[in-house]
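This briefing goes through a predicted model, with the points grouped by topic. Please read it with the sequence and the coordinates open.

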Amino acid sequence: MISVIVPVYNSAQVLSECVTSLLDQDCREVEVILVDDGSTDASPDICDSFEDSRVRVLHKKNGGISSARNAGLDMAQGDWVTFCDNDDKVDVLWLRRMLRAVEQYGNVLPMCAYTRTPEKHGAEKVLSVESNKMYDTSEYLTFYEQGIAGFVWNALFKRDIIEERHIRFPERLDRGDINEDLVFQMAYLPYVKGVVYTGFYDYLWNVNETNHSNETTEKWYFEKYEEKYRLLRDWIKRGVCDKDGQMRRMATMMLYHFVWAICHASSYEKMKTYVANDVVQECVRLADSGNENSTIIDYIRMKKMRSLYLKLSMSKLLKI
């Protein structure tokens with residue numbers, strides 16, 4: 001049996017379509033756990049309206065997506081666990097294809113790819129990782145670079161591992177739910193022998209999210225990527241081969257986000273804080289900065305705060 005946990009919050013317009021796609025799975029031994037996280041629209045009534053014994057419902061006080069997922073984990077009874085956001089949909093073979101990977105390779109973390117809607121339809125790009133091949137967990141960064149790692153709704157997790165290792169999502173409502181998927185997946189990763197890509201774009205991600213506001217992400221943008229950097233750095237340093245090469249790849253990937261945060265800092269003091277951060281300085285030192293403005297990178301590296309602030313101010317004026 002597979003437990004699919006769906007955090008539900010004010011998604012009355014799209015919830016039925018989401019749940020229907022889960023109940024239509026080719027795998028019949030599925031339980032769909034709907035965790036109503038204090039919704040104020042018709043979502044609670046919709047949760048209770050499904051006349052299917054595979055649907056289980058929990059109504060709770062609002063606590064955020066991590067709190068809702070953790071409550072769902074406490075209820076789950078399946079051998080396997082995965083997640084679906086309440087405004088997304090899945091292909092009928094979403095679960096079957098991930099199950100095939102574990103049937104073939106054993107204790108691995110299977111992942112599918114995803115498409116975005118409504119802006120884009122179909123595959124966004126051809127991935128460079130081979131499908132139906134087991135990669136060592138040391139290759140996790142490759143999956144992350146390809147954009148399919150770091151999520152929990154396109155992967156399948158063994159519930160025994162989750163419970164034995166007490167793996168849960170971080171509940172940090174004071175700063176919003178940021179990086180909760182990556183934190184969870186990286187806590188799980190040491191207990192599997194490899195990662196497998198199914199080769200299919202089975203998850204349909206609705207980028208016009210109805211369940212979460214993007215304001216939280218924007219408010220904590222720098223903190224989000226600082227934590228991502230530290231999580232990936234710690235993973236690499238725990239024993240991944242070619243540490244120097246992977247650190248360079250990871251830093252290059254993260255550099256854009258730090259430069260963006262610095263360029264969009266709300267004040268001079270905030271900009272100074274970002275530039276002086278030890279993660280930013282390490283990232284600038286290690287990364288291939290060819291795609292970024294060389295003058296800005298030099299100012300950040302040398303901590304020339306006033307010169308950097310003047311350049312950024314002039315750039316903003318020229319765009320007006």
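Helix α9, residues 221–237, comprises 17 residues and spans 24 Å from its first C-alpha to its last, which is close to the 24 Å expected at 1.5 Å a residue. Because 13 of its 17 residues are buried, α9 is largely enclosed by the rest of the structure. The helix is followed by G239, a residue whose phi is positive, near 140°.

**The five-stranded sheet**

- An open sheet with mixed pairing is formed by five strands, which follow one another in the order β3-β2-β1-β4-β8.
- The strands at the edges are β3 (55–60) and β8 (157–158), and since each of them has a single partner strand, one side of each is left without a neighbour in the sheet.
- Helix α1 packs on this sheet, where it touches β1, β2 (30–37) and β3, and the direction of α1 makes about 175° with that of β1.
- Helix α3 (residues 65–75) also packs on the sheet, touching β1, β2, β3 and β4, and its direction makes about 140° with that of β2.

**Strand β4 and its two partners**

- Strands β1 and β4 (residues 80–83) run parallel and are joined by four bridges; in this pairing V4 stands opposite T82 of β4, while I5 stands opposite F83 of β4.
- With β8, by contrast, β4 pairs in the antiparallel sense over two bridges, and here V81 stands opposite F157 of β8.
- In a regular strand the side chains alternate between the two faces of the sheet.
- In β4, W80 and T82 point one way whereas V81 and F83 point the other way, and all of these residues are buried.

**S11 and S43**

- S11 belongs to the loop between β1 (2–8) and α1 (15–23), and with a relative accessible area of 2% it counts as buried.
- S43 is located in helix α2 (residues 43–48) and is likewise buried, its relative accessible area being 0%.
- A polar atom of the S43 side chain lies 2.8 Å from the backbone nitrogen of S11, a separation that falls within the 3.5 Å limit for a polar contact.
- When its neighbours within four places in sequence are left aside, S43 is in contact with V8, N10, S11, A12 and L15.
- S11 and D41 are 30 residues apart along the chain, yet their C-alpha atoms are separated by 7.7 Å.

**Strands β6 and β9**

- Strand β6 (residues 108–117) is mostly covered, given that nine of its ten residues are buried.
- β6 pairs with strand β9 (residues 194–206) in the parallel sense, over nine bridges, and T117 stands opposite N206 of β9.

**Packing of α10 against α13**

- Two packed helices are described by the angle between their axes and the distance between the axes.
- Helix α10 (residues 243–263) packs against helix α13 (residues 294–301) at an angle of about 85°, and their axes are 12 Å apart.
- This angle makes α10 roughly perpendicular to α13, because angles of 65 to 115 degrees count as roughly perpendicular.
- On the α10 side the contact is made by L255, V259, I262 and C263, and on the α13 side by I296, I297 and I300.

Conventions. Residues are numbered from 1 along each chain as its sequence is written. This is a predicted model: local features need pLDDT of at least 70, side-chain atom pairs count only at pLDDT 80 or more; totals for chains, interfaces and linings use all residues. Side-chain values use heavy atoms; hydrogens and water are left out. Buried means under 20% relative accessible area, exposed over 50%, partly exposed in between (1.4 Å probe, protein chains only). Two strands pair if DSSP finds at least two bridges between them. A polar contact is a pair of N or O atoms within 3.5 Å; within protein, one must be able to donate a hydrogen and the other to accept it, and residues adjacent in sequence count only if both atoms are side-chain atoms. Contact means heavy atoms within 4.5 Å. The expected span of a helix is 1.5 Å times one less than its number of residues. Axes are lines fitted to C-alpha atoms, for helices over the stretch in contact, and angles run from 0 to 180 degrees between N-to-C directions. Angles under 35 degrees count as roughly parallel, over 145 as roughly antiparallel, 65 to 115 as roughly perpendicular and the rest as oblique.
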